[in-house]
Amino acid sequence: MRVLRRSLDARKAYALGHRLRVEIFSDGEVARERIPAPAPAPWPSSVPRPRVVIVGSGPAGTWAALRLAEAGLPSTILERGKAVQPRRHDLAGIQRGQLDENSNYCFGEGGAGTYSDGKLYTRTKDRGAVDRVLADLVRFGADPDIVVESRPHVGSNKLPKVLTALRTFLEEHGVRYMFSSTLATIITDKGSLRAVRTTAGDEIPADIVILATGHSARDVYTLVSGAGIALERKGSTVGVRLEHPQPVIDRIQYGKAAGDARLPPAFYEVSATGAERGVYSFCMCPGGFIVPAATERDGIVVNGMSLSRRDSPRANAAMVVSLRPEDYGEKSLGPLAGIEFQRRIERAAFSAGGGEFQAPAQRLVDFLARRPSTSLPATSYHPGVVPGNIAQIFPAFVVESLRDGLESITRKLRGFLHEDAMLVAAETRTSAPLRIVRDAVTLQSPTLPGLYPAGEGAGYAGGIVSAAIDGTRVAQAILSRAS
Ligand SMILES: Cc1cc2nc3c(=O)[nH]c(=O)nc-3n(C[C@H](O)[C@H](O)[C@H](O)COP(=O)(O)OP(=O)(O)OC[C@H]3O[C@@H](n4cnc5c(N)ncnc54)[C@H](O)[C@@H]3O)c2cc1C
């Protein structure tokens, strides 16, 4: 018997249980390989190999490099941040209020995924593609349980090791990593791609460029827009991190069983309509930490992560409001308006926090009662929180939706409106507010053939697994050029 899927069913607190999906074999029957690993067809020796440069070593860039390398097509990976180990020191720096704008929670080896929570669930419907990414992670050292857990989670203490093993494999297959190398220019000649240049002046010849720079590389959007490459606005979200004491969430979800050492810290997923907009939780981190995920010196961005043990005494989740492309205003900025919309909020949060990445925060009860907080509960956010009025940081329509949505959620979920529940601002980077346009079939930019926008920053993914799948898709599109 083999377990295919395992989940904890906590829908009825009085009847907690595990659900298992299993595959049963009769005597002598040999278990089939669960996740077929179709090796990509090798690049034919009769076809000249294109020079591929991948900008960004996040999940999208890494998985594109992996699939290309498996087919015998090596690439050069340009990464503005540092390798995982030195990057760790810069994360310690931002906890003390010192930000390195090229090495932080968003930038560096493995991208935003490395020191993330490492939750590996996704809304992607293509189960085969998801299983393939999970199998790759196991191949490079992740716990094999991620393949069967319904909510697989690696933890940010374990992801760096997996990434280091993945880099070793790629280097053995001819992939060249260039760390601390920031893309500055895409060089073209009569409308064809010729090379990329870094801010340090290095020029790397390229026939193909995969642009997998994530949603925080705002300079890349500016350079793409300046080069006349098509971009378009898309919807996104902004909001706050909501932090609760973990035992409060355990009581809500597990009832009398809360506190049983066999149960993992409880998870939640909530949604509502607030002032005619979607308001929902996202990236919930049981037993986690709120982290400073800023990439600019004068803006606060919060996000969440947890270690594999998930043993912090606090639970946090993004609580966000959906935005439509027209919400960004600023017609003159065209597709870049969403970036300015996010930036205004991040700067307002920074100045409300008083500098050094202390974040403005407000008790949930105070936010709903429309009064500023004068004291705050303990938090997992290391740079610290400052009591304030969240409503002053966001445009009025966001505040109205968030308040309406949270009122409705707290009515439905008894115990959620806890005295020590706190909103921390601002959560602005859950997704990209614009898209780098690509052809639906060739996946290339229609304005610059040979340029393949990929992953979350390009607007085609929304998490670690979906970004890795998008990188795979782009690699397949490139490999199909040989046939
Ligand atoms: C703290 C935190 C926790 C998260 N937790 C989860 C989670 O639990 N589960 C989940 O699914 N998702 C999580 N996410 C989101 C997830 O990390 C992203 O969705 C995913 O990493 C996107 O992958 P990507 O490859 O498209 O881009 P990214 O991972 O953003 O990678 C882009 C890379 O490009 C590099 N780059 C940018 N500009 C340049 C340039 N000009 N030159 C060279 N290199 C450049 C960056 O340094 C970066 O390494 C989290 C994110 C954060 C910040």
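Visitor: Which side chain meets R429 in a salt bridge?

Guide: In this predicted model, the partner of R429 is E346, with N and O 3.0 Å apart.

Visitor: Are R429 and E346 buried or exposed?

Guide: Both R429 and E346 are buried.

Visitor: Which residues are joined with R429 and E346 into one network?

Guide: Through salt bridges that share partners, R218, E296, E340 and R343 join E346 and R429 in one network.

Visitor: How many salt bridges does the structure hold?

Guide: The structure holds 36 salt bridges. Among them is the bridge between R371 and D366, where the closest N and O atoms are 2.6 Å apart. R371 is partly exposed, at 42% relative accessible area, while D366 has 8% and counts as buried. Another bridge joins D90 and K82, at 2.9 Å from N to O. Here D90 is buried, with a relative accessible area of 14%, and K82 is partly exposed, with 26%.

Visitor: By what is a pair of aromatic rings described?

Guide: Such a pair is described by the distance of the centres and the angle of the planes. In this structure the count comes to 7 aromatic pairs. One of them is formed by Y121 and F267: the ring centres are 6.1 Å apart and the planes stand at 85 degrees, so the pair is edge-to-face, the cut-off for that class being over 60 degrees.

Visitor: Where do Y121 and F267 lie in the chain?

Guide: Y121 is in the loop between α2 (84-95) and α3 (127-139), and F267 is in the loop between α6 (246-254) and β12 (271-274); the two are 146 residues apart. Y121 is partly exposed, at 26% relative accessibility. The charged end of R151 also sits over the ring of Y121, 5.0 Å from its centre.

Visitor: What kind of aromatic pair do Y268 and F416 form?

Guide: Y268 and F416 form an edge-to-face pair, with 5.1 Å from centre to centre and 85 degrees between the planes. Y268 lies in the loop between α6 and β12, and F416 in the loop between α9 (396-412) and β19 (422-427), so this pair ties together parts 148 residues apart in sequence. Y268 counts as buried at 3% relative accessibility, and F416 counts as buried at 0%.

Visitor: Which residues do ring pairs link into a cluster?

Guide: Ring pairs link Y328, F341 and F397 into a cluster.

Definitions and conventions. Residues are numbered from 1 along each chain as its sequence is written. This is a predicted model: local features need pLDDT of at least 70, side-chain atom pairs count only at pLDDT 80 or more; totals for chains, interfaces and linings use all residues. Side-chain values use heavy atoms; hydrogens and water are left out. Rings of Phe, Tyr and Trp (its six-membered ring) pair if their centres lie within 6.5 Å; planes under 30 degrees apart count as stacked, over 60 as edge-to-face and the rest as tilted. Helices (H or I, at least four residues) and strands (E, at least two) are DSSP runs, numbered from the N terminus. Buried means under 20% relative accessible area, exposed over 50%, partly exposed in between (1.4 Å probe, protein chains only). A charge sits over a ring if NZ of Lys or CZ of Arg is within 6 Å of the ring centre and within 35 degrees of the ring normal. A salt bridge is a side-chain nitrogen of Lys or Arg within 4 Å of a carboxyl oxygen of Asp or Glu.
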